[in-house]
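Please read these points with the coordinates open. They run from the whole chain down to single residues.

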Amino acid sequence: MRSDAIRLPGVAESFLAHSEWRWCRQAVRIFHRWMADHHLVLADLTPAHVEGFWESQRARGLAFSTYHARRCRLHKYLYWLGERGHLRFVVEPPRLWHMRGKLPEPAERFVGLRGNQRLEPMVRNLHDWMARKRIELGDLTPAHLEAFLRKPIGGERGKSSRETLHRNLEPYLLWLHDEGLVRFRTFRGVHEPFPLPEPACAFVDTLRPVKRRTTVDGIAGDLRDLHAWLAAQGVGLADLDRPATERWLKSLADRSLAPTTRSGRIFQVRRYLGWLFERGTVDADPDDLLRRTDLPKIPSYLPRPFPVEADRVMQRRFLEVDSLCGQALFLMRRTGIRIGELVRLEPSCLQRASAHDTFVKVPLGKLDNERLVPLDPEARQILESLQRRCPPGAPYLIEPDIARSTLMQRLGATLRHAADGLDIPGPVVSHRLRHTYATELLNAGMSLVAIMRLLGHRSFRMTMRYAAITQDTVVKDYYAAMARIGAQYDVTPRSSAHGEPDPRRMLSNTISWLRNNAPQDARTQRLIKRLYKLRDDIETLAYPADDR
């Protein structure tokens with residue numbers, strides 16, 4: 001039985017009816033599913049049952065952030081039940097519930113200091129892990145700390161996640177060392193970027209009036225990387241020559257940077273050197289320092305739409321999960337908008353041209369262009385449902401009370417949950433919904449111009465990276481082309497069995513007509529050769545081997 005198929009009791013629905021608790025719905029549903037599997041009701045619930053539920057969650061290997069968030073949210077529900085007399089045991093306030101036992105005295109003192117309250121969850125998680133490993137505070141070592149950072153609760157954490165957790169715990173660990181409670185000092189510190197020299201700062205300042213802030217920051221990062229390398233090599237801008245730039249290009253390749261990243265960095269550095277050359281800062285010609293042949297070949301990737309059957313199942317699952325994230329992903333699939341545009345939709349984004357024609361107004365996004373995307377009836381109903389659930393005066397349509405980055409993480413988790421158990425090659429990411437949307441429209445016969453406008457693209461080449469032509473579309477296009485050729489040359493024999501044009505016969509008759517009537521020059525011979533190949537391709541695609 002799936003957690004989204006559980007019918008919640010009335011008391012749970014009353015709790016979730018409050019707008020401040022609606023984001024606890026998934027945790028509440030999972031808990032009631034577990035209770036149903038164990039034939040429990042709220043009146044029989046004990047602390048041992050709750051601990052058994054958390055043991056089952058830990059056994060699933062949940063990510064640390066997922067486990068911690070689910071535990072905190074469910075406790076709010078249990079505390080709410082306890083206040084109203086639905087439980088037979090006392091529930092501690094939410095601030096302390098998510099840990100077993102009380103914090104040790106040093107940790108209580110640290111958390112009580114001004115400004116440290118926000119670190120309490122991380123401190124409690126560390127001491128919970130130490131209690132389970134039977135490690136005393138005075139025996140804590142760097143090896144223990146690394147083990148905690150690698151796998152605090154549930155599955156292993158990635159490098160970036162470990163760095164974030166260590167950075168959050170660092171004030172507490174340094175305080176413990178200063179108090180003489182641990183014997184080692186841990187300090188990773190904040191990485192100080194290489195300072196940009198004056199010429200690079202002046203160049204970046206010229207870009208600020210015409211470029212977006214994120215673009216300018218990216219260019220500044222490229223120039224910072226260049227000057228850090230020059231400083232390490234002892235090369236100044238005035239001494240820059242072709243051998244030095246060749247060594248820099250080799251260093252980029254040795255770092256295994258993606259071809260697109262390398263190409264963009266080389267292009268921006270070339271612009272920078274041209275700007276310096278115009279002002280006499282460098283003597284060498286930029287066209288000689290960095291040449292067109294230095295740009296790496298950019299790989300051409302195929303579109304990555306979800307398989308048709310998996311796409312149908314995922315859309316159904318989006319709506320089965322009664323959550324804002326599921327409805328938001330369904331809207332994203334039916335409109336093809338980017339995830340950054342989805343999380344920034346305004347509450348008034350629904351536009352009506354008539355009683356039947358409705359659109360969603362997409363805000364300024366990656367390419368700085370607003371657009372209107374038509375809505376089918378199902379997508380319109382979902383958007384209206386999202387509007388009804390949006391609090392009055394909210395800045396955003398979907399989950400306005402949380403950070404946009406957090407919402408995007410929740411959307412990604414919901415998408416992966418909907419794809420669980422499906423045969424989907426490659427990574428399951430939200431941008432593939434956009435590829436699927438474009439592919440579906442292209443194979444339904446929509447023009448590239450219209451698809452380009454819906455996706456907010458500025459070129460056909462960008463749109464073709466999103467849309468893939470299916471084999472069914474290829475075969476239908478073959479039939480259409482053969483019908484036009486038959487009409488042109490009056491060679492339209494009909495299949496006696498089905499009364500439909502036989503493309504193989506049509507091609508054979510076309511070849512015979514060309515041999516008898518067209519000039520027998522090189523151009524005609526090339527055309528005949530292409531027609532032979534086309535006939536073989538049609539036999540391979542459309543006819544079984546035993547019918548040939």
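**Notes on the predicted model**

1. The chain's secondary structure comes to 25 helices and three strands. Helices (H or I, at least four residues) and strands (E, at least two) are DSSP runs, numbered from the N terminus. This is a predicted model, in which local features need pLDDT of at least 70 and side-chain atom pairs count only at pLDDT 80 or more, while totals for chains, interfaces and linings use all residues. Residues are numbered from 1 along each chain as its sequence is written, and side-chain values use heavy atoms, with hydrogens and water left out.

2. Confidence. pLDDT is the predictor's confidence in each residue, from 0 to 100. The chain averages 81, and 85% of the residues score at least 70. Two stretches deserve a flag. Over residues 95-101 pLDDT stays under 50, and the model has 25 contacts there beyond four places in sequence. Contact means heavy atoms within 4.5 Å. Over residues 491-498 pLDDT also stays under 50, with 15 such contacts. Where pLDDT is low, the predicted coordinates should not be read in detail.

3. Burial and surface. Of the 548 residues in the chain, 42% are buried. Buried means under 20% relative accessible area, exposed over 50%, partly exposed in between (1.4 Å probe, protein chains only). The accessible surface of the chain is about 30500 Å², and carbon and sulfur atoms own 52% of that. Areas come from the Shrake-Rupley method with a 1.4 Å probe; for residues, only the protein chains shown count as cover. Among contacts between residues at least 6 apart in sequence, 58% join residues at least 24 apart.

4. Helix α1 (residues 10-17). Val11, Ala12, Phe15 and Leu16 are buried here. Seen down the axis of α1, these buried residues fall within an arc of 135°, so they line one face of the helix. The arc is that of the directions from the helix axis to the C-beta atoms. The face turned away from the buried side carries the exposed residues Gly10 and Ala17.

5. The strands. Strand β1 (residues 350-352) runs antiparallel to β2, joined by three bridges. β2 also pairs with strand β3 (residues 371-374) in the antiparallel sense, over four bridges. Two strands pair if DSSP finds at least two bridges between them. Phe359 in β2 stands opposite Gln351, and Phe359 also stands opposite Pro374 in β3.

6. Cysteines. How many disulfides does the rule give? The count comes to zero, a disulfide being a pair of cysteine sulfur atoms within 2.5 Å. For Cys349, the nearest cysteine sulfur is that of Cys390, 9.2 Å away. Cys349 is buried because its relative accessibility is 3%. Cys201, at 28%, is partly exposed.

7. Positive phi. Most residues other than glycine have a negative phi. His39 has phi near 55°. His39 lies in the loop between α2 (25-37) and α3 (47-59), and counts as exposed at 72% relative accessibility. Glu399 has a positive phi of about 45°. Glu399 sits in the loop between α18 (377-389) and α19 (404-418), and is buried, with a relative accessible area of 7%.

8. Lys133. This residue is found in helix α7 (residues 120-133). Lys133 is partly exposed, at 48% relative accessibility. The C-alpha atoms of Lys133 and His144 are separated by 9.6 Å, with the two residues 11 apart along the chain.
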